[in-house]
Amino acid sequence: MDNALLRQQIRRQRRNLTTKQRQLAALSASLYLPKLLPHLPKSAKIGLYLDDFGELPTALILVFCQKHGFTPFLPITVQGKPLRFAPVVIPLAKTPLKRHRLGMKEPFAKYGISADKLDMIICPLVVVDRQGNRLGMGGGFYDRTFTHFQGLIVGWCYDFQVIDNLTVNEWDKSVDMAITDKGVLRF
């Protein structure tokens, strides 16, 4: 299937989930977060995103960070550039947020740290295949960010977003792991 059609189909499938289905899937996925502990330093800096378009909810990742003394960071977008990351104040309600031009929530911070200062990035995706190839929303923000990133890249998604094979482009960056509501995939 063509990537544009695949992206459209999976996004529709995500949007059709009820709030209860999303929350139950996120709870199931969060049970696999401890599998990340052996890969992280004691005071890890973790980049993540705020779900807003039917993605697997990310609130429990913040709980995981707080429980283990990790510092969570949210992305800041600048058109055509790699993402920068600003720290999250927990509870999240204390972090000033705005919607950027693509509609996603991001910190009000003008400056953030570069991705190379993070130990791990938990990223959104539309589809991931069994080799770790990732299809994002199409803006290229994460692909640009991952170009020089040396830390752990983890996809966070529903199990139905995992497919056998994906057509990739030379600029597409893969993930090292994917955590779904059904388990962990390592690539």
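The structure holds 4 salt bridges. A salt bridge is counted when a side-chain nitrogen of Lys or Arg lies within 4 Å of a carboxyl oxygen of Asp or Glu. Side chains of opposite charge can pair when their charged atoms come close. The model is predicted, so local features need pLDDT of at least 70 and side-chain atom pairs count only at pLDDT 80 or more, while totals for chains, interfaces and linings use all residues. Residues are numbered from 1 along each chain as its sequence is written, and side-chain values use heavy atoms, with hydrogens and water left out.

One of the salt bridges joins R99 and D52, at 2.2 Å from N to O. R99 sits in strand 4 (residues 97-99), and D52 in the loop between strand 1 (45-47) and helix 3 (59-68), so the pair ties together parts that are 47 residues apart in sequence. Helices (H or I, at least four residues) and strands (E, at least two) are DSSP runs, numbered from the N terminus. R99 is partly exposed, with a relative accessible area of 48%. D52 is partly exposed too, at 29%. Here buried means under 20% relative accessible area, exposed over 50%, and partly exposed in between (1.4 Å probe, protein chains only).

Another salt bridge pairs D164 with R130, at 3.3 Å from N to O. This pair links distant parts of the chain, 34 residues apart. D164 lies in the loop between strand 11 (162-163) and strand 12 (177-180). R130 lies in the loop between strand 8 (127-129) and strand 9 (134-135). D164 is exposed, at 52%, whereas R130 is partly exposed, at 45%.

R134 and D143 also form a salt bridge, at 3.8 Å from N to O. R134 is buried, at 6% relative accessibility. D143 is buried as well, at 11%.
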